[in-house]
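Me: I have a two-chain model open and want to learn how to read it. Can you take me through it feature by feature?

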Amino acid sequence: MTIELVARLAQANILAHGDHARDVTCGYACDLLSWVMARGQKGMAWVTVQTHLNVIAVASLHEMACVLLPDGLEMEGAVLEKAREEGIAVLSSPLSAYRLCGLLYQNGLHDLPG
Amino acid sequence: MPHDVYLVDQGDYANAGSVSAHIKKRLLALGIDKALVRRVAIASFEAEMNLVIHSFGGKMELDVTDAAITLEAYDKGPGISNVELAKMEGFSTADEEVRSRGFGAGMGLPNIARVSDHFVLASRPGVGTLMVITFTLHPEHKEENKA
């Protein structure tokens, strides 16, 4: 799935354009960084309410495709700048995390790659 | 063989993760298998965050030989009074602010133990903490040896 399709399904604004070649292969939702660090995968779309710089570090170490912020959350400019540098897309959706996961799952984005 | 030393400052959230990113790039450049690099990156990130969150500042060292990848993290204190308790999943001394950032869930040390082949943690209150995290290198961990 492309990042653009994720954005369309999520009715999201793209706050940072990531690496467009990066396919979105799986999804995950969690706000505990160590939890995500233990389970992150390449190409993951990560739904979280955390918006600080360390989110990008975790996403980058796992070569995730995008960070998806629910409930219309925004990210500071410096964090978005870092995301662009690391090739991580950041999307902001007006929908809840619960709704986002449901929509993405329903459209074929599952919790494990493949 | 590579031997890198990195400084990690207390409370430096802005740069937290950069040492781990560097270590990951270094190992990939050495042709180490991606799945193993992922495990090292997880351990490295947890060790780095521990230095940022809990220590007065410290260092991390990466050593790569034909037999193993070794990650050392050591700091200038404050030390851990009960190491066994600290290693238990869910135990954390992190404050509310750290927790609100999604850290301090008491998962860092268990994560390191889970992804590594050997993990030693020694600490003395008032002195500091030392972690030695080892990953055994088998020939198949080198991309060049893959079929």
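Reply: Start with a helix on a sheet. α4(A) lies across β1 and β5 of chain A, and runs at about 85° to β1(A). Helices (H or I, at least four residues) and strands (E, at least two) are DSSP runs, numbered from the N terminus. Axes are lines fitted to C-alpha atoms, for helices over the stretch in contact; angles run from 0 to 180 degrees between N-to-C directions. Contact means that two C-beta atoms, placed from the backbone, lie within 7 Å.

Me: What should I know about the model and its numbering?

Reply: This is a predicted model: local features need pLDDT of at least 70, side-chain atom pairs count only at pLDDT 80 or more, and totals for chains, interfaces and linings use all residues. Residues are numbered from 1 along each chain as its sequence is written, while chains are lettered from A and ligands numbered from 1 in the order in which they are written.

Me: How do I read the sheet, and what is the strand order in chain A?

Reply: Look for pairing. Two strands pair if DSSP finds at least two bridges between them. In chain A, an open sheet of 5 strands has the order β1-β5-β4-β3-β2, with mixed pairing. Its edge strands are β1 and β2 (26-29), each pairing on one side only. From one strand to the next, the twist averages 25°.

Me: Which strands of this sheet run parallel to β5(A), and which antiparallel?

Reply: Strand β1 (residues 13-16) of chain A is antiparallel to β5(A), with 3 bridges joining them. There, A16(A) stands opposite V90(A). β4(A) and β5(A) are parallel, joined by 4 bridges. In that pair, L69(A) stands opposite S92(A).

Me: Which way do the side chains of β5(A) point?

Reply: Sort them by direction. A89(A) and L91(A) point one way from strand β5 (residues 89-92) of chain A, V90(A) and S92(A) the other way, and all are buried. Buried means 20 or more other C-beta atoms within 10 Å of the residue's own; 12 or fewer is exposed, anything in between is partly exposed, and C-beta atoms are placed from the backbone.

Me: How do I describe a helix pair, and at what angle do α3(A) and α4(A) pack?

Reply: α3(A) and α4(A) pack at an angle of about 15°, with their axes 9 Å apart. That makes α3(A) roughly parallel to α4(A). The cut-offs: under 35 degrees is roughly parallel, over 145 roughly antiparallel, 65 to 115 roughly perpendicular, and the rest oblique. α3(A) passes α4(A) in a right-handed crossing. A crossing is right-handed if the near helix is turned clockwise from the far one by less than a right angle, left-handed if anticlockwise.

Me: Which residues make that contact?

Reply: α3(A) gives L53(A), I56(A) and S60(A); α4(A) gives V79(A), K82(A), A83(A) and E86(A). By class, the residues of this contact are 4 nonpolar, 1 polar and 2 charged. Ala, Val, Leu, Ile, Met, Phe, Trp, Tyr, Cys and Pro count as nonpolar, Asp, Glu, Lys and Arg as charged, and the others, Gly among them, as polar.

Me: Where should I check the backbone?

Reply: E63(A) has a positive phi of about 55° although it is not a glycine. E63(A) sits in the loop between α3 (53-61) and β4 (66-69) of chain A. With 19 other C-beta atoms within 10 Å, E63(A) is partly exposed. D71(A) also has a positive phi of about 55° and is not a glycine. Its place is the loop between β4 and α4 (77-86) of chain A. In chain B, the peptide bond from G77(B) to P78(B) is cis, with omega near 15°. P78(B) belongs to the loop between β3 (68-75) and α3 (83-86) of chain B.

Me: Is I112(B) buried or exposed?

Reply: I112(B) is buried, because 24 other C-beta atoms lie within 10 Å. I112(B) is in helix α5 (residues 108-115) of chain B. Leaving aside neighbours within four places in sequence, I112(B) contacts A43(B), E46(B), A47(B), F119(B) and I133(B).

Me: How many residues of each chain meet at the interface?

Reply: 18 residues of chain B are in contact with 14 residues of chain A. On the chain B side, α1 (18-29), α2 (34-54) and α5 give two or more residues. The largest share, 4 residues, comes from α2(B). By class, that side has 10 nonpolar, 5 polar and 3 charged residues.
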